[in-house]
Amino acid sequence: MQITRLQITSVLATTALYFGAFNLNQLVFSTFEFAPGVNWIFLPAGLRLLSTLLLAEEGAIGILLASLFITHTTYPEIDSITGIGAACISAGAPYLTYRLALLCGMPSNLHQLTAGKLSALIVIYSAISAFLHQLWFVERGISTSLISGFSAMFTGDLAGTLIIVYAMKILLAVLRKRPNSN
C-alpha cells in the first residue's frame with residue numbers, strides 16, 4: 001500500500017487543527033475544567049469526530065499524533081503508558097464510532113446524513129469516548145470515580161461535539177447558498 005501526498009497532508013492538517021483546538025479550548029474554557037483533561041465544554045471532541053467522519057484513518061492518525069504530543073507537553077506528570085493509552089482512546093473512540101456507524105448503515109456520503117442520525121452519532125461517540133477514557137483513568141489510578149468522571153467528560157464531549165459539528169453544518173449550508181462569484 002502506497003501512502004499518498006494527500007493522505008500525509010490530511011494527517012498533518014488534522015494533527016495541527018486538533019493541537020490548535022486543544023490549546024484554544026484550554027485558553028477559553030479552562031475555568032470549566034472538572035479535572036486535568038476533563039472539561040465541561042471540550043471543543044476538540046468535535047474535531048475528533050468530524051476528522052474521523054471526513055478522513056477516516058487519516059483523521060484518526062492525526063488525532064493520535066496530536067494527542068501524544070499534547071499528553072507529553074501538557075501533562076508531564078502523567079506516566080508514558082497512561083498518556084499513550086489516553087491518546088489511543090482519543091483517536092480510537094471516534095474511529096470506533098465511525099466504523100460502527102458504517103456497519104449500522106450510515107451513508108458513506110455525509111450529505112445524506114440526517115440531523116437526527118448525526119445527533120445520535122454524536123451522543124454515541126460522546127458516551128464511548130467518555131466511558132473508555134474514564135475506565136482507563138480509573139484503571140491507571142488517575143481518577144477514583146468512574147461515574148463522576150464519565151458524567152463530566154460525557155457532558156464536555158457532547159457539548160463540544162454539538163458545537164463544532166453543527167457550526168460546520170451551518171457554515172456549509174451558508175456556503176452552499178452563496179451565489180457563485182465567477
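The axes of helices α2 (residues 44-55) and α3 (57-74) come within 6 Å and cross at roughly 145° in this predicted model. Helices here are DSSP runs (H or I, at least four residues), numbered from the N terminus. Axes are lines fitted to C-alpha atoms, for helices over the stretch in contact, and angles run from 0 to 180 degrees between N-to-C directions. The contact (heavy atoms within 4.5 Å) is made by Leu 47, Arg 48, Ser 51, Thr 52 and Leu 55 of α2 and by Glu 57, Glu 58, Gly 59, Ala 60 and Ile 63 of α3. These residues divide into 4 nonpolar, 3 polar and 3 charged. In this division Ala, Val, Leu, Ile, Met, Phe, Trp, Tyr, Cys and Pro count as nonpolar, Asp, Glu, Lys and Arg as charged, and the others, Gly among them, as polar.

Residues are numbered from 1 along each chain as its sequence is written, and side-chain values use heavy atoms, with hydrogens and water left out. Because the model is predicted, local features need pLDDT of at least 70 and side-chain atom pairs count only at pLDDT 80 or more, while totals for chains, interfaces and linings use all residues.

The loop between α2 and α3 contains Ala 56. Its phi is near 50°, a positive value in a residue other than glycine. Most residues other than glycine have a negative phi. Ala 56 counts as buried because its relative accessibility is 11%. Buried means under 20% relative accessible area, exposed over 50%, and partly exposed in between (1.4 Å probe, protein chains only).

Helix α2 also meets helix α4 (residues 80-103), with the two axes coming within 9 Å and crossing at roughly 50°. The angle makes α2 oblique to α4; angles under 35 degrees count as roughly parallel, over 145 as roughly antiparallel, 65 to 115 as roughly perpendicular and the rest as oblique. The crossing of α2 past α4 is right-handed. A crossing is right-handed if the near helix is turned clockwise from the far one by less than a right angle, and left-handed if anticlockwise. On the α2 side the contact is made by Arg 48, Leu 49, Thr 52 and Leu 53, and on the α4 side by Ser 90, Pro 94, Tyr 95 and Tyr 98. By class, there are 5 nonpolar, 2 polar and 1 charged residues in the contact of α2 with α4.

A further packing partner of α2 is α5, at an angle of about 115° and with the axes 11 Å apart. Here too α2 passes in a right-handed crossing. Ala 45, Arg 48, Leu 49 and Leu 53 of α2 make the contact with Leu 121, Ile 122, Tyr 125, Ser 129 and His 133 of α5. The contact of α2 with α5 comprises 6 nonpolar, 2 polar and 1 charged residues.

The largest nonpolar core has 31 residues. A nonpolar core is a set of buried Ala, Val, Leu, Ile, Met, Phe, Trp, Tyr and Cys residues joined through side-chain atoms within 4.5 Å. The residues with the most contacts inside the largest core are Tyr 18, Leu 53, Met 106, Leu 121 and Ile 122. Two or more residues are given to this core by each of α1 (5-29), α2, α3, α4, α5 (115-139) and α6 (146-177). Leaving aside neighbours within four places in sequence, Met 106 is in contact with Leu 53, Tyr 98, Ala 101, Leu 113 and Leu 121. Leu 121 lies in helix α5 and is buried, with a relative accessible area of 7%. Not counting residues up to four places away in sequence, Leu 121 touches Leu 53, Thr 97, Ala 101, Met 106 and Leu 113. Leu 121 and Ser 51 are 70 residues apart in sequence, and their C-alpha atoms are 14 Å apart in space.

A second, separate core of 6 residues includes Val 38, Ala 86, Phe 137 and Met 153. Phe 137 lies in helix α5 and counts as buried at 10% relative accessibility. Apart from neighbours within four places in sequence, Phe 137 is in contact with Ala 86, Ile 142, Ser 143 and Met 153.

In helix α6, Phe 154 is in contact with Val 123, Ser 126, Ala 127 and Ala 130, its neighbours within four places in sequence being left aside. Gln 7, in helix α1, is partly exposed, with a relative accessible area of 21%. With neighbours within four places in sequence left aside, Gln 7 is in contact with Gln 2 and Glu 58.
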